[in-house]
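Please consult the sequence and structure shown here.

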Amino acid sequence: MKLTKKTYKIGGGVMVSVALVSGVFISDIFASRTKLAQQAGDNQNFHIAYLLRPNDADLLVRIGHYYLQENQNLVRAERAYRRALDQNPSIPFAHHQLARIYFIQADFTRARREINAELALDPNNFRALYVRALNEAYSGNKPGAENDFRRVTELAPLEWGSYNDLSWVLAEQGQFAEAATVARSGIETATGGAKNLWLWNALGVALFNAKIYAEAGEAFRNALRYAEDLDEQEWHRAYSANTMRSAASGLTAFKHALQKNIEAVDDQLTKEAKER
C-alpha cells in the first residue's frame, strides 16, 4: 500500500499534515496483518497467511518447507521458493531447497545452478556443500563430490552424513582402504557415530571390497544390531526427502540388505577356510 502525504490549509494558512494520522492507522493495520499472518503460519494455515502477507519472503520459504518436507508437493514447494526469491533474491535456503527439488527429479543441471547460487551467498554453508556433493556424485562427477564431501567433514566434523557419503564415493572410485578410514573417522568423531548403522555399513562395504572379510562381517553385524534399535521416525529423519509412508519399507529393506551382506561375508570366510 502506497501512502501519499496530503496537506490542507486551515484558517490563516497554517499547514497540517494528515500523513501522520493516516500513517498510524496504516501501521496498526499492517501490524495486525503481520500478527495474523504469523499466527496462521505457526498453525500451518498457509493459505490464510499468504493472503495476509503475499510478499513476505520468510513466510514463502516456510510455505515451501511445508510442501517439500511434510506434504511432498514439489510443484507448490518450487512455486513458493521462486516467489520468495522474487521478493528477496538473497534469502537463505531458497536456492538450497530448489536444488533439493531438482535433485529429487534427477535434473542435475538445474540443481547445480541453484546450489551454486546458494553457495555464492555463503561459500562455507556446509549444508549447501553437502547437497552439491550429492548432486555431483549422482550426476557422475565422483571427484567433484569427493572434494565437497571432504570440505563438509572439515566444516562440520560432528555430522555423520558427510563421512558416510564420502566413504561411498571413495569406494565407488575403488579407493577401499581410504573409504574404510573415512568410515572409521565418522564412527569415532561424529555425534552418535559409534552406534550409527550407516557408518558401520559403509565400513563393512569398504572392508568387504578390500577383502578384509572378518572385519567386514563384524562391521555389518554392528550395523544390523543398531538397525534393530532404530524406529521409523529416526529412519525418516535420515531420508527426509522421502515420505513417512516409505520409512517402514526402507528400514526393512536396509535390514534385509545387511543380512545379505553378512551371508556374503560368511560365504567368503568359508571359502577361505577351505582353501587353507
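Q: Which residues lie nearest the centre of the largest pocket?
A: The model is predicted: local features need pLDDT of at least 70 and side-chain atom pairs pLDDT 80 or more, while totals for chains, interfaces and linings use all residues. Residues are numbered from 1 along each chain as its sequence is written, and side-chain values use heavy atoms, without hydrogens and water. A pocket is an open set of points on a 1 Å grid over the protein atoms alone where a 1.4 Å probe fits, with protein on both sides within 12 Å along at least five of seven lines; lining residues have an atom within 4 Å of a point. Of the 45 lining residues, those nearest the centre are Y130, W160, G161, D165 and A238.

Q: Which helix gives the most to the lining of the largest pocket?
A: Helices are DSSP runs (H or I, at least four residues), numbered from the N terminus. Helices 5, 7, 9, 11 and 13 each supply at least two lining residues. The greatest contribution, 9 residues, comes from helix 9.

Q: How are the planes of Y138 and W168 arranged: stacked, edge-to-face or tilted?
A: Rings of Phe, Tyr and Trp (its six-membered ring) pair if their centres lie within 6.5 Å; planes under 30 degrees apart are stacked, over 60 edge-to-face, and the rest tilted. Y138 lies in helix 7 and W168 in helix 9, so their pair ties together parts 30 residues apart in sequence. With the centres 5.4 Å apart and the planes at 40°, the pair is tilted.
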